[in-house]
Structures are given as C-alpha cells and as structure tokens.
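Me: I am new to this structure and would like a close look at a single part of it. Please take me through that part slowly, in one connected answer.

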Amino acid sequence: MPYIGKEPEHGNYQRIDTIASSFNGSTTTFNLRADSVSVYPTSPATMIISLGGVIQEPNTSYTVTGDQITFTTAPASGTTFWGVSLAVSYTHLTLPTNREV
C-alpha cells in the first residue's frame with residue numbers, strides 16, 4: 001500500500017522476556033533475552049523499558065552493555081517489567097566463510 005509522506009520504518013523489534021521475577025530491591029543488572037535467546041541492543045535509546053507501568057529514560061534510568069541491562073536503582077520485588085528492543089546489533093554473530101556457504 002502506498003504511503004503519503006515518509007514510509008514507516010521496519011525493523012527487528014523484539015519483546016524482551018520478563019525479568020520481574022529476579023527483582024529483589026538490591027540487584028541492578030539483568031540479562032536481556034527474547035524467547036530465551038540473548039538480545040544485544042545497539043544502545044539504551046533503541047529500547048522501550050517500563051518498570052511498574054512507568055516508561056524509563058534511557059541512559060538515566062538504565063544502561064545496556066552487551067546482552068545486559070543495568071538499572072540506576074534496583075527494582076523492588078513485585079515491580080512489573082515490560083521491554084522492547086527496537087534495534088539489535090548482530091556483531092556477536094559469526095559469519096560463515098565463502099567455503100561454508
């Protein structure tokens with residue numbers, strides 16, 4: 001279907017598996033997974049993260065390094081979590097050589 005104006009961006013959006021069961025009020029770093037597979041966001045700004053129904057501010061409320069998210073303040077036990085990665089880095093993949101293809 002044609003669009004008037006700029007066509008919508010298409011990307012590899014992934015809903016992050018919940019990490020709420022690990023919230024205990026003292027742990028700040030958690031592994032990022034989507035369907036139990038590691039997720040490597042390109043930056044905090046390419047994620048939408050909600051704690052307790054409140055959208056968190058990238059680089060202020062949380063940072064990402066590799067496949068881990070670190071919150072500035074440890075989420076309390078019972079806090080809900082919802083997250084989406086809007087762009088994923090594929091630098092962790094090993095590409096086949098010409099003889100393997």
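Reply:

**Around Ala 20**

Not counting residues up to four places away in sequence, Ala 20 touches Thr 79, Thr 80 and Phe 81, where contact means heavy atoms within 4.5 Å. This is a predicted model, in which local features need pLDDT of at least 70 and side-chain atom pairs count only at pLDDT 80 or more, while totals for chains, interfaces and linings use all residues. Residues are numbered from 1 along each chain as its sequence is written, and side-chain values use heavy atoms, with hydrogens and water left out.

Ala 20 lies in the loop between strand E1 (14-16) and strand E2 (29-31); strands (E, at least two residues) are DSSP runs, numbered from the N terminus. Thr 79, in turn, sits in the loop between strand E8 (68-71) and strand E9 (81-85), and, leaving aside neighbours within four places in sequence, Thr 79 is in contact with Ala 20, Phe 23, Leu 51 and Gly 52. Ala 20 and Leu 51 are 31 residues apart in sequence, with 8.8 Å between their C-alpha atoms.

Phe 23 also belongs to one aromatic cluster, together with Phe 30, Tyr 62, Phe 71 and Phe 81, where rings of Phe, Tyr and Trp (its six-membered ring) pair if their centres lie within 6.5 Å, and planes under 30 degrees apart count as stacked, over 60 as edge-to-face and the rest as tilted. By this rule there are five aromatic pairs. The ring centres of Phe 23 and Phe 30 are 5.2 Å apart and their planes are at 70°, so this pair is edge-to-face. Both Phe 23 and Phe 30 are buried, meaning under 20% relative accessible area, with exposed over 50% and partly exposed in between (1.4 Å probe, protein chains only). The rings of Phe 23 and Phe 81 are also edge-to-face, because their centres are 6.4 Å apart and their planes at 80°. That pair links distant parts of the chain, with Phe 23 in the loop between E1 and E2 and Phe 81 in strand E9, 58 residues apart.

Conventions:
Helices (H or I, at least four residues) and strands (E, at least two) are DSSP runs, numbered from the N terminus.
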